[in-house]
Structures are given as C-alpha cells and as structure tokens.
Amino acid sequence: AVVSTQSTGMGHKAGMTHILREVDRVGSRSHKKEVVEAVTIIETPPMMAVGVVGYIETPRGLRSFKTVFAQHISDECKRRFYKNWYRCKKKAHTRTGQKWADEDGKKSIEADFAKMSKYCTDI
C-alpha cells in the first residue's frame with residue numbers, strides 16, 4: 001500500500017523569509033549554483049494522531065475501507081465529536097478502548113491492519 005502524505009492541517013501564516021540553496025537541476029542555467037528563494041513560515045499547533053484510515057480505489061474515486069482508532073483518545077479530542085459537550089453522555093469511542101483490552105478485540109484489530117495493508121491503496 002502507498003502511504004499518503006498529509007495534505008491539510010490547521011495553521012496560519014507567521015511570516016516570510018529567504019533561504020540560500022544550491023540548485024540541482026541538470027540542464028538549467030543555474031545548475032550547481034546557489035540561489036536565494038522566498039519561503040513562507042507557517043505556525044501550526046501540536047498534532048496527535050487518533051486513528052488510521054485505509055482507502056481503496058473505486059471507479060468514482062477513493063472510498064474509506066477500514067478505520068482503526070487509538071486505544072486512548074483524550075477528552076479534548078472527544079469534544080470535537082459532539083455539538084453540546086456539557087449536555088451529552090460522553091459515550092463516543094468507549095468501545096474502541098474496550099476493543100484494545102481483550103484478546104478477541106486485538107485479533108480483530110490485527111486483522112483490520114492486515115486487510116488494510118493488503119487491499120488499500122492509500123493509508
């Protein structure tokens with residue numbers, strides 16, 4: 001399976017600066033020469049992965065095939081799954097933690113990872 005790179009994320013433009021780099025483009029006039037280029041600085045908050053999603057290719061595009069969530073998901077992350085956090089029962093992802101606890105759950109998670117590595121084009 002081909003591993004995709006992250007394409008989006010929260011961040012804001014903090015400024016710009018310049019760098020000095022050596023061009024490695026054969027046939028170019030500036031090959032093996034140093035050039036100054038402008039670069040953008042983006043500040044992002046710390047990110048934490050809470051799960052893995054495997055995608056398969058279909059005639060209409062990518063479709064999610066399997067999703068495996070982490071064993072421990074923080075309350076800050078769980079808040080994002082609810083519209084009213086203070087009024088809810090806070091039951092999101094309680095079964096995913098139980099799945100990691102027993103042997104049958106671990107076997108099903110390993111089977112999901114095996115299926116993802118076999119069938120998925122993007123992970």
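**View 1. The elements of the chain run β-β-β-β-α-α-α from the N terminus on.** That comes to three helices and four strands, where helices (H or I, at least four residues) and strands (E, at least two) are DSSP runs numbered from the N terminus. The radius of gyration is 22 Å, well over the 14 Å that the globule rule gives for 123 residues, so the chain is more spread out than a compact globule. Here the radius is taken over C-alpha atoms, and the globule rule is 2.2 Å times the number of residues to the power 0.38. If you follow the C-alpha trace along its principal axes, it spans about 60 × 40 × 30 Å. Keep in mind that this is a predicted model, in which local features need pLDDT of at least 70 and side-chain atom pairs count only at pLDDT 80 or more, while totals for chains, interfaces and linings use all residues. Residues are numbered from 1 along each chain as its sequence is written, and side-chain values use heavy atoms, with hydrogens and water left out.

View 2. Of the 123 residues, 15% count as buried, meaning under 20% relative accessible area, with exposed over 50% and partly exposed in between (1.4 Å probe, protein chains only). The chain exposes about 10300 Å², and carbon and sulfur atoms supply 53% of that; the areas come from the Shrake-Rupley method with a 1.4 Å probe. Now for contacts, meaning heavy atoms within 4.5 Å: among those between residues at least 6 apart in sequence, 49% join residues at least 24 apart.

**View 3. K90 and H93 both sit in the loop between α1 and α2.** In residue numbers, α1 is 75-78 and α2 is 94-101. K90 has a positive phi of about 60° although it is not a glycine. H93 isn't a glycine either, and its phi is also positive, near 65°.

**View 4. Time to look at the cysteines: a search of the whole structure finds zero disulfides.** A disulfide would be a pair of cysteine sulfur atoms within 2.5 Å. Take C77: the closest cysteine sulfur to its own is in C88, 13 Å away, so that is too far for a bond. C120, meanwhile, is buried, with a relative accessible area of 4%.
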